[in-house]
Amino acid sequence: MALAEDKVREALKEVIDPELYVNIVDLGLVYVVKVGEEKEDGRHDVNVEMTMTSPMCPAGPQLVAGTKNAAESLEEVDTCEVKVVMEPAWTPDCMTDEARDHLGIF
C-alpha cells in the first residue's frame with residue numbers, strides 16, 4: 001500500500017526543537033515531504049525539504065539527523081534524504097496555532 005505524506009509528517013512530529021520544545025512540523029520547519037514510488041519490497045524513498053528558524057541555528061545538525069531518523073523509523077520508508085533550504089525564509093507565521101499558543105505568540 002502506498003505511503004501517505006501525512007504519515008511521514010506525523011512521524012516527523014517526534015522531532016522536537018531543543019531550544020523551543022515544539023516539534024518541527026508545528027514550528028513550520030518542514031516545507032516539503034515527497035514520497036517516492038513504491039518499490040518491489042513495498043518501501044519508499046522519502047525526500048524532505050526543511051528550514052531552520054535562522055541560518056546559524058545551532059540545533060540544525062541535530063534537527064536534520066532527527067528528521068532522517070524519524071522518517072526512516074517508519075516500516076514503509078527505505079531511505080530519507082533531508083535538504084535544508086533557506087528560501088522561503090522561516091517566520092513565526094509558519095507555525096501552527098498550537099505552537100504559537102505554546103510559545104505565547106499571539
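This is a predicted model: local features need pLDDT of at least 70, side-chain atom pairs count only at pLDDT 80 or more; totals for chains, interfaces and linings use all residues.
Local features need pLDDT of at least 70 and side-chain atom pairs pLDDT 80 or more, while totals for chains, interfaces and linings use all residues. Residues are numbered from 1 along each chain as its sequence is written, and side-chain values use heavy atoms, with hydrogens and water left out.

Select residues 5-84. An unreviewed UniProt entry annotates them as "domain: MIP18 family-like"; such annotations may be inferred rather than shown by experiment. This stretch is 26% helix and 26% strand, with its end C-alpha atoms 18 Å apart. Helices (H or I, at least four residues) and strands (E, at least two) are DSSP runs, numbered from the N terminus.

Next, select α1 (5-12) and α2 (residues 60-72). Their axes (lines fitted to C-alpha atoms over the stretch in contact) are 8 Å apart, at an angle of about 130 degrees. The pair therefore counts as oblique, the class left after under 35 degrees (roughly parallel), over 145 (roughly antiparallel) and 65 to 115 (roughly perpendicular). V8, A11 and L12 of α1 touch T67, A70 and A71 of α2, contact meaning heavy atoms within 4.5 Å.

Move to Y21, in the loop between α1 and β1 (30-35). Y21 is not a glycine, yet its phi is positive, about 60 degrees. Most residues other than glycine have a negative phi. Y21 is exposed, at 60% relative accessible area (exposed is over 50%, buried under 20%, partly exposed in between; 1.4 Å probe, protein chains only).

Finish at P88, in the loop between β3 (77-84) and α3 (97-103). The bond joining E87 and P88 is a cis peptide, with omega about 0 degrees.

Terms used:
Axes are lines fitted to C-alpha atoms, for helices over the stretch in contact, and angles run from 0 to 180 degrees between N-to-C directions.
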